[in-house]
Amino acid sequence: MRSRETLLRLHRFRTEEKRRQVADIDGMIQDFMRKYDDLDAQVKFEESRNGVTDPAHFNYSLSAKAARGRRDNLMRSIAELKDQLADAQSALEAEAQELRRAEMLVEKEGGSPAPMIPHSLAAQSIR
């Protein structure tokens, strides 16, 4: 019985870790999107200030060209993070299924699984 409880705690830990990982990646994507919007606004401002919107034009603003490059790099990073987010979400779902299986196994053996304390409540009880 003790090994089942240990297994259950392990799956809960892994599930919570995957949940944190998904939240971290999602937060990074949101942060990059805000930075992308700021750079896009900067590019538009520089283009309107200079009056040249074609990056190939000889009189195109160098600061707009640099901001455009950073903006494009951010978009590539966002795309990569979205791929990582999809992988992390599928890993979270797989781990959540394993946790449910472990909980059902403990219930089947006659014990009731200890209730899972959400991370935010656990942190408050430590303080």
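1. Gly 110 follows α2, and its phi is positive, near 105°. The model is a predicted one, and the value is to be read as such.

2. Helix α2 runs over 62-108.

3. The largest nonpolar core is made up of 17 residues, and Ile 25 and Ile 29 have the most contacts inside it. Two elements, α1 (2-50) and α2 (62-108), each give two or more residues to this core. The largest share, eight residues, is from α2.

4. For Ile 25, leaving out residues up to four places away in sequence, the residues touched are Leu 81, Gln 84, Leu 85 and Ala 88. These numbers fall within the range of α2, 62-108.

5. His 11 is a residue of helix α1. Its relative accessible area is 7%; the limit for buried is under 20%, so His 11 counts as buried. Beyond its neighbours within four places in sequence, His 11 makes contact with Glu 95, Glu 98, Leu 99 and Ala 102.

6. Asp 72 belongs to helix α2. With a relative accessibility of 33%, Asp 72 is classed as partly exposed. Asp 72 and Asp 40 are 32 residues apart along the chain, and 9.6 Å separates their C-alpha atoms.

Methods: Residues numbered from 1 in each chain as written. Predicted model: local features only at pLDDT ≥ 70, side-chain atom pairs only at ≥ 80, totals over all residues. Heavy atoms only, no water. Core = buried A, V, L, I, M, F, W, Y, C linked by side-chain atoms within 4.5 Å. Buried < 20%, exposed > 50% of the residue type's maximum accessible area, 1.4 Å probe, protein only. Helix = DSSP H or I, 4+ residues; strand = E, 2+ residues; numbered from the N terminus. Contact = heavy atoms within 4.5 Å.
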